[in-house]
Amino acid sequence: MTSEQAVRRLLAFSAGKPLPHGTTLRVPTPNRSLGPKDVLVVAFVRMGGESSPWGIAFGQPGRTPKVLTVPEARTRDDVADMIASFAPVLLTHLRHPKFDSAGAVITEEKRPDMPLRQLWLPNRSHLDMLHYLAYTYHRTRYGTPERQELLQSLARACGWLFREAHRPGQMVTMIATDVLSEAYTFPTDDIRQGHLGFLVAWLTTRGRQAVRVKAADKAEGLSMSTNLDPIFENTGLAKAVDAFNEARSNEDVESIKRWTQRIHKSLNGELKRRWELTDSAITALEHDRRRENYGVKRLIKASQDEYYRQYLRIEHKFEDIEDGPPFTPSPETDRHPAAAGSRYYVHLSSDELQNQLLVHDDPEMQAELIATGKALDGEIVDVSTRTEGRKEHVFWKIHTNGHLPLRLREGALLCPVGNERRQGEILQIDQLNAQTNRFVLQIIKGKTLHEPPKLIRANDRALLGSRVILVPPPMDGIARRKSRSIWNRKVPGSWLTHSTPRGPNTSLPDAISEDFNEIKSR
Amino acid sequence: MVKRQKDEARRDTRRRFEQWVQNPRCEANTVSAVHGIQMAAVVKHEGGRPTMGQSQFAIARGHQFERTLFKRDATVLINALIKSGILPTGSSGLADYRLRIHGGRCKTLDEARTQTASLLKSAVENIARTPAVIAGATVSIPGGVMLPEALLVIDAIAIRPGADKPELIVGEIKTYPDRGGHTDTRQLSTARAQAGVYVHALQLVVKDLELTEAVAIQQKGFLVLSRPGSNQPSIRAGEDLHYQTERARTGFQLLRDAAEKLPQIKDQSAESSLEAVCKAEVFYQETCLSFCDRASVCRQRSTENGEGSVLGNDMVRFLGATSLHRAVQLLDGATPTSETERDLLRRITDARQRIGLS
Amino acid sequence: MPTKIHRQLETYISQRTSELIDYVLEGGRLAVVKAPPGSGKTYLLMQCVKAARKANQRVAIATQTRAQSDDICRRLVSEFKVTPIRFAANSATLNDSNFQITTNAKDLPSGPCVVVATSAKWGLVSHLSEFDVLFVDEAWQLAWADFMLLGQVSDRFILIGDPGQIPPVVSIDTSRWETSPRAPHHPAPEHILREPPRDLLSLDLPATRRLPADTVDFIKPFYNFPFKAFAQPGERIVEVQGKPRDGIDTALDCLANGSVVALTLPTPPEGPPLEDDAEIAQLAVNVAKRLVHRDAKVNAGSGIQNIQPSDIGLCATHRVMNTAIELRLTQKLRRQMRVDTPERWQGLQLPVMIAVHPLSGVVHPSDFDLQTGRLCVMASRHQAGLIIVTRDHIGDTLDTHLPLAEQPIGRPDISGQGHYQNTQFWNQLLKLDRVVVGAT
């Protein structure tokens with residue numbers, strides 16, 4: 001925890017309530033950038049020791065969720081049936097070409113503009129369930145060919161949603177606890193912030209601190225993860241499951257029905273609680289008075305690009321010059337070095353984009369960046385030019401507070417807040433005295449931009465004495481280029497750089513492997 | 001039989017060791033771990049409701065998983081170990097020293113321990129006739145003044161012929177789902193910690209049997225995990241246990257040292273034992289939530305006392321000697337009354353300015 | 001006067017150098033050279049480059065930072081009489097008439113030449129004509145994915161680097177690739193050495209020219225290959241004048257008979273400060289000032305000289321601490337003494353270093369805290385003396401710390417290893433009685 005984070009938390013504790021983190025909201029929420037039908041809320045529960053769902057609750061926010069359960073989570077076929085019932089809902093939501101006409105009309109040449117589709121989950125254990133589903137049904141051979149295809153499509157969707165959740169700045173797979181912890185500072189430790197009920201109670205309970213604390217403590221007593229409370233599971237549910245199994249082995253239809261309903265009733269309450277709290281988290285964000293950071297729109301666009309490249313075109317089996325062949329990634333890892341490298345660069349690129357987009361519209365983020373030495377806040381004390389032939393070089397001298405940490409170095413690129421089109425390169429950094437650092441910048445892009453009053457030409461001496469905040473510009477282009485270049489194996493050194501790996505971790509069980517032939521066909 | 005089973009249960013020092021290392025600075029935790037006083041019982045004694053527990057289904061799953069691995073002479077497990085390169089092709093044979101209640105052959109842990117020792121000796125004499133896998137190998141770590149000996153049941157040991165002596169590879173079996181790089185790191189650390197304790201104990205036993213030069217206990221072990229959606233186990237070979245073994249050695253010594261510093265419990269009645277835990281000093285930290293039934297009680301107390309730990313462990317360091325209550329007063333404009341408070345206020349003010357919240 | 005050990009080491013190095021040069025000239029495809037700090041790896045690289053250039057090969061050199069590229073260009077000119085071309089992203093920052101600077105791949109000569117650029121530049125350029133050989137400096141700081149992009153430069157690779165230093169910094173979640181056979185974020189040499197082609201030439205440099213003899217014993221636990229020091233025991237010293245008045249003086253006096261000493265301050269009962277330990281920062285500055293005030297003399301390998309402020313470097317892992325140190329230096333000293341993080345100190349050296357121990361103030365070390373790359377770098381910059389300043393809880397913290405092995409499946413236990421290595425380092429200080437109680 002940094003000092004800044006400690007102070008935030010202290011302020012929240014002093015206030016007796018969660019405090020907004022950031023002057024803007026950094027996520028898209030329904031009723032702002034998205035419509036309610038663009039959001040699907042999903043929650044799972046599972047039986048202790050199992051990795052498959054015992055029940056699923058799903059639906060659009062603000063509505064009553066649908067709840068599916070099975071009486072015995074260890075019966076694979078029953079669970080597969082349940083998943084097969086859920087699959088069309090998820091696949092329609094993601095505009096899978098076989099389930100949604102909008103998804104079916106795209107071609108390699110034409111990608112229509114479609115609003116982003118989001119999936120909201122209560123906490124990270126529910127995200128892990130998506131991964132389990134990806135593993136389980138990646139190459140399932142259970143059931144009819146149609147069911148296999150349906151479940152494999154679901155597995156691919158879950159796998160993509162899971163992988164996408166780890167891409168920085170993504171706006172598709174939303175973990176409610178993460179979103180709330182980012183949007184607010186809670187007066188509590190990190191571990192408790194993993195409990196959605198606890199966070200929602202803090203946010204939505206009115207009254208003094210003691211009242212909120214009491215509500216939050218009470219909420220925390222009820223499990224929110226995919227695991228059920230062991231005491232809840234062991235008392236009641238365990239007997240019901242035993243009774244169901246006995247009824248099934250006796251082929252007692254009435255008892256089977258009765259125990260199925262009993263189990264469903266127990267699980268229904270658990271699922272609904274998880275689902276409704278996620279819905280409440282969304283509602284809390286909708287009522288937040290902060291406006292959406294204007295960088296969010298570009299992050300949404302980036303998410304839409306990823307959605308097409310890494311999910312939809314693969315379902316269509318379209319090749320992509322930028323992103324490689326349409327192969328189905330293994331749920332586990334990328335064994336093909338170029339595939340691994342390409343995705344790695346995409347994530348790096350996303351990380352840069354996220355950091356550098358949102359900051360332009362959030363003074364608190366700017367202050368944080370300045371506090372860590374990655375941005376400048378200073379005064380322009382000199383504007384000079386040097387002509388070389390027909391080229392004019394423009395230089396700024398900027399004085400900043402010498403007490404702040406300094407992570408920027410010569411050669412670093414910066415752009416003014418609110419104007420990425422103008423960029424400067426740091427040529428020199430001096431410490432004039434204890435209070436003052438001096439930066440010499442050469443303006444290398446956007447020198448002649450002139451849109452007064454906010455933006456005037458870089459060589460205009462009217463800039464003297466003006467305050468300027470400079471932050472790193474979005475550099476995602478470089479990592480993106482690398483993510484494309486790395487696929488090129490027609491290079492002299494490919495015998496080493498693009499050779500087939502040998503040794504440990506080269507083999508995966510067929511059930512979870514990617515198809516190398518799909519990748520090599522490029 | 002019931003008494004014997006209770007004796008066996010009380011010798012579960014490994015579990016208590018793992019409980020203690022979660023928070024060695026907490027005296028109450030130390031008393032509970034050393035004397036085997038369950039925190040759930042303490043919570044009930046204090047009028048609360050224990051919340052930690054294990055799902056019956058999870059326990060059953062674990063047993064089922066183990067049965068699958070060891071049935072028919074551990075065919076499934078041995079094939080998987082061969083495939084992952086831990087055992088050479090053609091390996092076979094299971095020595096099953098698990099207790100009968102767990103599907104094995106031994107009546108008691110002492111019998112299992114004797115059989116284990118005997119097998120280790122015979123492996124040295126004739127590796128060719130030694131089974132490839134031991135299930136439930138039972139070894140012990142000697143006790144101290146306050147701690148009984150720790151009887152440890154090792155999930156699996158693979159035995160293979162080495163260049164000049166038999167090699168023993170310790171394996172830990174868990175139903176944790178193997179998801180590659182996304183496998184839960186806390187679960188992995190638990191499994192490795194247990195395996196480290198087993199390697200340490202095995203080293204002690206081998207030394208005790210004067211077989212140190214005759215067998216090679218590998219510093220790399222293996223994990224047997226489950227794979228989501230599959231009945232097949234996932235074997236992960238080459239797990240680095242070197243430092244976890246050292247952790248076990250150091251940790252048990254530290255626990256013995258801590259145990260010796262504890263005051264004696266007046267009598268061994270349940271009431272006195274529970275009271276001893278209740279009266280012991282606590283050291284609350286945020287990770288207590290993940291393992292201790294009493295965490296909410298201690299947290300409540302810490303909140304009343306204004307301890308920074310209720311906002312996270314790092315808050316304690318940030319606040320220094322100043323309580324949370326006093327820090328709030330300073331935030332609200334109270335005048336600092338000491339250099340420590342002035343320093344805290346300065347740091348708070350500086351940080352607020354830096355992030356634009358002054 | 002060269003001793004027998006010196007001669008043996010020089011002979012060994014000379015043989016390995018010849019072996020590597022022959023390998024390059026004969027068209028060898030792949031070599032990996034492991035080098036301890038200050039062992040002359042960049043010098044070795046430049047020797048090979050010169051030989052290859054002389055044989056009319058088209059030679060490319062990839063470094064990890066612009067500063068390293070610039071430095072190699074200057075040294076090729078001044079020490080090896082080789083005129084390189086600096087291939088850069090932006091020419092504005094360079095101003096050197098001794099070598100050509102270009103930003104356009106089309107301007108690179110098609111014939112024999114030596115071209116120096118960063119790995120980032122090489123990886124992004126298009127329309128590149130193939131080079132005969134690519135040398136990669138500081139190879140352990142190059143991630144595998146970045147190395148893959150260098151495949152377009154040449155089909156022959158010579159990688160040289162220090163495996164004990166700080167690995168590439170990764171800011172994203174890499175869980176997906178931890179069990180990949182070629183994880184994109186792992187250092188490139190790691191993958192190569194794990195699956196070595198049959199014709200791989202693998203060499204280790206045997207000795208450090210930079211470090212004092214006894215320092216090698218401190219940093220050996222960080223390496224998995226043995227190495228010695230060229231310096232003889234007692235050869236590299238720091239001697240201060242006058243009588244000791246306090247703990248700082250006592251610590252400085254220790255440098256007369258050993259190159260490493262630790263200077264401690266008591267740890268407050270409620271724990272040390274979170275980030276900005278003002279007392280430790282002040283102690284580090286006081287040590288630096290005292291060295292100058294006591295007219296320290298130093299033998300950094302080229303005879304006894306009076307210490308100058310510019311001979312002293314300061315290092316802390318956190319930028320907040322570095323800022324705290326800088327603020328306590330006078331303006332004059334700030335201009336003369338470099339204060340920086342270990343990441344920025346890599347590749348540099350000075351006669352005397354003052355380092356804040358990475359674990360100072362860390363009472364519950366995490367995996368990140370225990371990674372020894374930073375400590376290894378901090379402990380291997382000095383040519384004569386290293387003063388480590390720290391709170392005094394380190395020994396207790398290490399003794400009572402029971403590391404968790406939370407690394408991904410199949411990966412080395414870096415937390416355990418780091419704990420072990422940190423413990424070895426601290427125990428070496430205790431064993432040699434080189435922990436002194438300091439005072440501000």
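Modeller: Two residues are in contact if their C-beta atoms, placed from the backbone, lie within 7 Å. This is a predicted model, where local features need pLDDT of at least 70, side-chain atom pairs count only at pLDDT 80 or more, and totals for chains, interfaces and linings use all residues. Residues are numbered from 1 along each chain as its sequence is written, while chains are lettered from A and ligands numbered from 1 in the order in which they are written.

Biologist: Among contacts in chain A between residues at least 6 apart in sequence, what percentage join residues at least 24 apart?

Modeller: Some setting first: the C-alpha atoms of chain A fill a box of roughly 95 × 65 × 45 Å along the principal axes. For contacts in chain A between residues at least 6 apart in sequence, the part joining residues at least 24 apart is 68%.

Biologist: What share of the 522 residues in chain A is buried?

Modeller: Buried here is a count: 20 or more other C-beta atoms within 10 Å of a residue's own, with 12 or fewer meaning exposed, anything in between partly exposed, and C-beta atoms placed from the backbone. For chain B, with 358 residues, that gives 46%. For the 522 residues of chain A, the buried share is 48%.

Biologist: How far apart are the centres of domain 1 and domain 2 of chain A?

Modeller: The bounds come from an automatic or database domain assignment. That assignment puts domain 1 of chain A at 3-286 and domain 2 at 375-471. Taken over C-alpha atoms, their centres are separated by 47 Å.

Biologist: Which helix gives the largest share of the side of chain A that touches chain B?

Modeller: The contact takes 40 residues from chain A and 41 residues from chain B. On the chain A side, the elements giving two or more residues are helix 1 (3-15), helix 4 (124-137), helix 9 (230-249) and helix 13 (363-371); helices (H or I, at least four residues) and strands (E, at least two) are DSSP runs numbered from the N terminus. The largest share, nine residues, comes from helix 1 of chain A.

Biologist: Which residues have the most contacts inside the largest nonpolar core?

Modeller: A nonpolar core is a set of buried Ala, Val, Leu, Ile, Met, Phe, Trp, Tyr and Cys residues joined through C-beta atoms within 7 Å. The largest one has 139 residues, and its biggest share, eight residues, comes from helix 9 (residues 278-293) of chain C. Beyond four places in sequence, one of its residues, Val49(C), touches Val59(C), Ile61(C), Leu76(C), Val82(C), Val114(C) and Phe135(C). The residues with the most contacts inside that core are Val49(C) and Ala284(C).

Biologist: Which residue stands opposite Leu30(C) in strand 7 of chain C?

Modeller: Strands pair if DSSP finds at least two bridges between them. Strand 1 (residues 30-34) of chain C is parallel to strand 7 and joined to it by five bridges. Opposite Leu30(C) stands Phe157(C).

Biologist: And which residues of strand 7 of chain C point the other way from Phe157(C), Leu159(C) and Gly161(C)?

Modeller: In a regular strand the side chains alternate between the two faces of the sheet. Five of the five residues in strand 7 (residues 157-161) of chain C are buried. Pointing the other way from Phe157(C), Leu159(C) and Gly161(C) are Ile158(C) and Ile160(C).

Biologist: How many Å does helix 16 of chain C reach from its first C-alpha to its last?

Modeller: Helix 16 (residues 414-431) of chain C has 18 residues.

Conventions: Expected span 1.5 Å × (residues − 1).
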